[in-house]
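These are my notebook entries from a first look through one structure. I wrote them down in the order in which I looked things up.

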Amino acid sequence: MYNFKDDKMVVVIDHPLVTHKLTQIRKEETGTNEFRKIVNEIGGLMVYEITRDLELEEVDIKTPVAPMKAKQIAGEKLVICPILRAGLGMVDGILQMLPSARVGHIGLYRDEDTLQPVEYFAKFPNKLDERLVIIVDPMLATGGSAVAAIELVKNKGAKNIKFVCLVAAPEGVALIREKHPDVPVIVAALDEGLNEKSYIVPGLGDCGDRIYGTK
Ligand code: PRP
Ligand code: URA
C-alpha cells in the first residue's frame with residue numbers, strides 16, 4: 001500500500017479547529033444551513049496551508065516612522081478552481097482570506113454507474129500558465145474527477161497546480177500521485193477507504209446534496 005507518511009506532496013491538515021469543524025459536518029444530523037456554513041469555514045482555514053510557500057518579493061515602503069524594505073506576494077493573482085457543484089461550497093470561505101484571487105470553474109460530475117467523470121463546463125481566467133491554480137473539491141473518492149480536472153487545467157496551460165479537498169480516500173490520493181506526481185495534495189482528513197458504491201468511508205455522505213439540499 002502507498003505510504004503517504006513519507007510523501008511530502010501529500011499534506012494532511014490536522015489542526016484542531018479543522019478537525020472539530022469536520023466532525024460537525026460528518027454528523028448525519030447536521031442540516032444544510034450549518035453544513036454549508038462550515039464547509040466554507042474549513043475552506044478558509046485551509047488557506048494558511050495552501051499558501052504557505054507563496055513567493056514573496058521585496059518592495060520599498062515608508063511606515064509612519066521610517067522607510068523600510070518590506071515583502072509582498074509576488075506574481076500574478078492565484079486562481080481558485082472549484083469542481084462543480086460541491087467545490088463551489090468552499091469558494092466563499094477561501095475568498096474571504098484571498099479576496100483578490102481569480103475564480104475558474106470546472107463542471108464535472110461522477111457518473112454513478114461508470115464512476116467516470118463527465119465534463120460539462122469549463123471557464124478560466126487568462127494567463128493560467130503564470131498563476132498558482134488551486135483546484136478545490138470537498139471530496140476525493142476514486143480520484144477520477146480530480147485527475148480529469150487537473151488534466152483540464154494542464155491542457156489550458158497551468159503549470160503550478162495544487163489540489164485541495166476536505167475528505168480524501170487513500171485510493172483517490174494514490175491516483176493523483178500516480179497520474180500527476182507534480183501536483184501537491186492538501187486534505188483536511190484522510191479516511192479509511194471506499195465502500196461498494198465508491199463513497200468515502202466514514203466520509204460525510206454526498207457532499208453536493210448536503211450543501212445544496214438536493215436529496
Ligand atoms: C462528487 C465530489 C467529487 C467527486 C468525487 O461530486 O464532489 O467531485 O464526486 O468522486 P471521485 O473521486 O470518485 O471522482 P459529484 O459527482 O457527486 O457531483 P456534484 O458535486 O455535482 O454533486
Ligand atoms: N462524492 C461524494 O459527495 N461523497 C463521497 O463519499 C464520494 C463521492
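Which residues surround ligand 2? I began here, keeping in mind that this is a predicted model. I found that the residues around ligand 2 are Arg110, Met139, Ala141, Ser198, Tyr199, Ile200, Gly205, Asp206 and Cys207. Sorting this shell by class, I noted 5 nonpolar, 2 polar and 2 charged residues.

When I asked where ligand 2 lies, I found that the space it takes is the largest pocket.

**Entry: ligand 1**

I turned next to ligand 1, and I found that 14 residues surround it, with Arg110, Asp137, Thr142, Gly143 and Ser145 as the closest. Ligand 1 also sits in the largest pocket. Arg110, which I had already listed around ligand 2, is among the closest residues here as well. By class, I recorded 6 nonpolar, 5 polar and 3 charged residues in the shell around ligand 1.

Which elements each supply at least two residues of the shell around ligand 1? I listed strand 6 (105-110), strand 9 (139-140) and helix 4 (144-155).

A backbone N or O atom of Arg110 lies 2.7 Å from an oxygen atom of ligand 1, and a backbone N or O atom of Ala141 lies 2.9 Å from an oxygen atom of ligand 1. A polar side-chain atom of Ser145 lies 2.6 Å from an oxygen atom of the ligand. On its own, ligand 1 has 500 Å² of accessible area, of which the protein covers 91%.

**Entry: a strand pair**

A hairpin of 4 residues joins strand 2 to strand 3. Which residue of strand 3 is the bridge partner of Leu56? I found that Leu56 is partnered with Ile73.

**Entry: backbone details in the loops**

I finished with the backbone angles, and I noted two cis peptide bonds. One joins Leu84 and Arg85, with omega about -10°, and Arg85 is found in the loop between strand 4 (79-84) and helix 3 (88-97). The other runs from Val201 to Pro202, with omega near -5°, and I placed Pro202 in the loop between strand 13 (200-201) and helix 6 (207-212).

Where is Leu115, and what is its phi? I found Leu115 in the loop between strand 6 and strand 7 (117-123), and I noted that its phi is near 65°, a positive value in a residue other than glycine.

Methods
Residues numbered from 1 in each chain as written. Chains lettered and ligands numbered in written order. Predicted model: local features only at pLDDT ≥ 70, side-chain atom pairs only at ≥ 80, totals over all residues. Heavy atoms only, no water. Near = heavy atom within 4 Å. 1 Å grid on protein atoms, 1.4 Å probe; cavity = no way out; pocket = protein on both sides within 12 Å on 5 of 7 lines; lining within 4 Å. Sits in = over half its atoms within 2 Å of the grid points. Nonpolar A, V, L, I, M, F, W, Y, C, P; charged D, E, K, R; others polar. Polar contact = N/O pair within 3.5 Å; in protein donor to acceptor, adjacent residues only side chain to side chain. Areas by Shrake-Rupley, 256 points an atom, 1.4 Å probe, with all protein chains shown as cover. Pairing = 2+ DSSP bridges.
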